[in-house]
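I opened this notebook to record what I looked up in the structure shown below. The entries follow the order in which I consulted it.

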Amino acid sequence: MATKTINDKIKELDEKVEWFYGDDFALDKASEKYKSAINLTKEIEKDLDNLKNEITVIDKDFSTE
C-alpha cells in the first residue's frame, strides 16, 4: 500500500468527522471513531511538522548562498 499524502489523510479525517453528522451515527461506535480520528489528527500534525522542518532547512540553504 502506498504512503498516504497529507491531503489523503485530511480527506480521510473529513470523512471520519462527517460520520458523526451522518445517518450511520451510532453512539456505541462513537468512542472508537473518535479515537481513530484523534490518531489520524496526530499523524497529520506530525507530517505537517516534518514538512515545516524540511521547508525551514531548504530556506536556510537558499539564504546562505
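**Entry 1. Lysine 9**

I began with K9, which I located in helix α1; helices here are DSSP runs of H or I with at least four residues, and strands are runs of E with at least two, numbered from the N terminus. The model is a predicted one, in which local features need pLDDT of at least 70 and side-chain atom pairs count only at pLDDT 80 or more, whereas totals for chains, interfaces and linings use all residues. I note also that residues are numbered from 1 along each chain as its sequence is written, and that side-chain values use heavy atoms, with hydrogens and water left out.

Is K9 buried or exposed? I found a relative accessible area of 10%, so K9 is buried (buried means under 20%, exposed over 50%, partly exposed in between, with a 1.4 Å probe and protein chains only). I then listed the contacts of K9, leaving out residues up to four places away in sequence: they are K4, L40, E43, I44 and D47 (contact means heavy atoms within 4.5 Å).

**Entry 2. Salt bridges between the helices**

I counted four salt bridges in the structure, a salt bridge being a side-chain nitrogen of Lys or Arg within 4 Å of a carboxyl oxygen of Asp or Glu.

One of the salt bridges joins the side chains of K9 and E43, at 3.3 Å from N to O. This pair links distant parts of the chain, as K9 is in helix α1 and E43 in helix α2, 34 residues apart. I noted E43 as partly exposed, with a relative accessible area of 39%.

K9 also forms a salt bridge with D47, and I read 2.6 Å between the closest N and O atoms. Since K9 lies in helix α1 and D47 in helix α2, this pair ties together parts that are 38 residues apart in sequence.

I next turned to E12 and K16, which form a salt bridge with the closest N and O atoms 3.8 Å apart. How far apart are E12 and K16 in helical turns? They are four residues apart in helix α1, and therefore separated by about one helical turn. In general, an α-helix has 3.6 residues a turn, so residues three or four places apart point the same way. I recorded E12 as partly exposed at 23% relative accessible area, and K16 as partly exposed at 22%. Salt bridges that share partners join K4, E12 and K16 into one network.

I checked the length of helix α2, residues 27–63. The expected span is 1.5 Å times one less than the number of residues, so the 37 residues of α2 should span 54 Å, and the end C-alpha atoms, 53 Å apart, agree with this.

Which residues of α2 are buried? I found A30, A37, L40 and I44, and the buried residues of α2 pack against α1 (6–21).

The largest nonpolar core has five residues, namely I6, L13, A37, L40 and I44; such a core is a set of buried Ala, Val, Leu, Ile, Met, Phe, Trp, Tyr and Cys residues joined through side-chain atoms within 4.5 Å. The elements that give two or more residues to this core are α1 and α2, and α2 supplies the largest share, three residues. For L13 I listed contacts with A37, L40, T41 and I44, again not counting residues up to four places away in sequence.

**Entry 3. The surface of α2**

I found a nonpolar surface patch of about 250 Å² made by L48, L51 and I55. Patches are made of residues with over 30% relative accessible area and no salt bridge, where like charges are joined within 9 Å and nonpolar side chains (Val, Leu, Ile, Met, Phe, Trp, Tyr) within 5 Å; accessible areas come from the Shrake-Rupley method with a 1.4 Å probe, and for residues only the protein chains shown count as cover.

L48 lies in helix α2 and is partly exposed at 42% relative accessibility. L51 is also found in helix α2 and is partly exposed at 36%. I read 9.8 Å between the C-alpha atoms of L51 and I6, which are 45 residues apart along the chain.
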